[in-house]
Amino acid sequence: MDFDLTEEQVQLRDAARRLAQNEFRDKAARWDREEAFPEENKHRLAELGYLGLSVGKEYGGSGAGLVSTYLVIEELAKVDLLTAMIVHDQNVSPRIIANHGPEDLKRRLVPRFVGGELECSIAWTEPQAGSDGTAIRTAAVRDGDDYLINGSKIFTTFGDRADMHLVYVRFGPSSGAKGIGTIIVERGRPGLTVRKLEGKMGVRGAAENELFFDNVRVPATNVVTLGDPLNSRGFVRPLTIYNGTRVGMGVMALGVAEGAFDLAREYMKVREQFGQKLSEMQGLRWMMADALIEIEAARCLCYKALALIDAGKPDPQLCSIAKVFATEMAQRVTVQCQQMFGGYGYFGSLPLERMVRDVRMLTLTGGTTQTQKNVIAGHIFPGA
Ligand SMILES: Cc1cc2nc3c(=O)[nH]c(=O)nc-3n(C[C@H](O)[C@H](O)[C@H](O)COP(=O)(O)OP(=O)(O)OC[C@H]3O[C@@H](n4cnc5c(N)ncnc54)[C@H](O)[C@@H]3O)c2cc1C
């Protein structure tokens, strides 16, 4: 078992660290305050080739693998979860299309995602189909060379700005996973309405949206995975990509926790009370030791899960374990680190307040903690 990063991975990680610390860190509060998308950050990420790290070279990506991709994302998450999510998201729908879509769509779209020219949101969740992702009702009905789409989606991240949406739909009357597939719906198609959800707790520069489809016509050539009412293949095939996505949520949580930890450590070296530095107080030192134990455990789980995917031996149970542990760990660690700042940490003038809010979403999206525990338990008790 080899825990060493390659020379190339170390260079990639260090370059991402410099970028995050020198260019992104000090702007993070602004995107949150103004609920603005960091357009200039995205531009830099595209320029540096970070938007297609995990996409194969044949489609314009780097083919760098998930370990390398998430080493970059972890560094970005240390200072700004929103910017980390840009890289994460641009490595999800393009990978679904690149791995499971028809050749024409791959060639037409994926290189443009990698270059940052196009963005694609994922529109899966519906009001009645949250954790129960196979309860979707949005339907695609064949009409000549096209499909007509009717239904609605909720919580579509970046749905307001995405050039297109990867929409989970039912192809023909069916229930459960059977008949579900995915299709691309471009922004601006007649009958498609997008409405931003207001009042989001964290990562405020990434809008969540409702999408409404009223007889939206799209060509059949936009189908990524065709659903068949007789089987669940159109649904199951893209799911393989979500193994990495889940762990990716864990890595982003790890990054936020590390960012909070670094800030707390530095503050503890200078803040004095009772004639002592905080870093000299035994109770606080142990809190930091506990935080580091959790951070290192999360790192091992996440990167082991990613390395197995890169090696072509994905372990879905381990992916869920890594997601649950790392995202729950980050809830605890960011709050403990905020505690080191006393009353000052409660204010938005310090990043801790934002980090605590931001990291909350990672136990919800990409499969909630509870549904991931159901997956883990399903492996412990198969068939039960
Ligand atoms: C910030 C954010 C971004 C998101 N981005 C996207 C996106 O881009 N695209 C998209 O399609 N969706 C997105 N989602 C939706 C997300 O995937 C869902 O919110 C999630 O699947 C949970 O569904 P729900 O909110 O309907 O909660 P529910 O399914 O109603 O769950 C409510 C509670 O019950 C628990 N629960 C449910 N079923 C079980 C069970 N069987 N056993 C034990 N506990 C259970 C859940 O864990 C949760 O705590 C996003 C959500 C958020 C908050």
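The second largest pocket has a volume of about 520 Å³, the space filled by probe spheres set on its grid points. A pocket here is an open set of points on a 1 Å grid where a 1.4 Å probe fits, with protein on both sides within 12 Å along at least five of seven lines; lining residues have an atom within 4 Å of a point. This is a predicted model, where local features need pLDDT of at least 70 and side-chain atom pairs count only at pLDDT 80 or more, while totals for linings use all residues. Residues are numbered from 1 along each chain, and side-chain values use heavy atoms.

- By class, the lining holds 10 nonpolar, 1 polar and 9 charged residues.
- Because domain 1 (7–114) and domain 3 (235–380) both give residues to the lining, the pocket lies between them.

**The ligand**
- Around the ligand are 14 residues, with T125, S131, F155, T157 and T368 the closest; a residue counts if one of its heavy atoms lies within 4 Å.
- A ligand nitrogen is 2.7 Å from a side-chain N or O atom of T125, and an oxygen atom of the ligand is 2.9 Å from a backbone N or O atom of W124.
- Domain 2 (120–231) and domain 3 (235–380) both contribute to the shell, so the ligand lies between them.
- The shell has 5 nonpolar, 8 polar and 1 charged residues.

Methods:
Ala, Val, Leu, Ile, Met, Phe, Trp, Tyr, Cys and Pro count as nonpolar, Asp, Glu, Lys and Arg as charged, and the others, Gly among them, as polar. Domain bounds come from an automatic or database domain assignment. A polar contact is a pair of N or O atoms within 3.5 Å; within protein, one must be able to donate a hydrogen and the other to accept it, and residues adjacent in sequence count only if both atoms are side-chain atoms.
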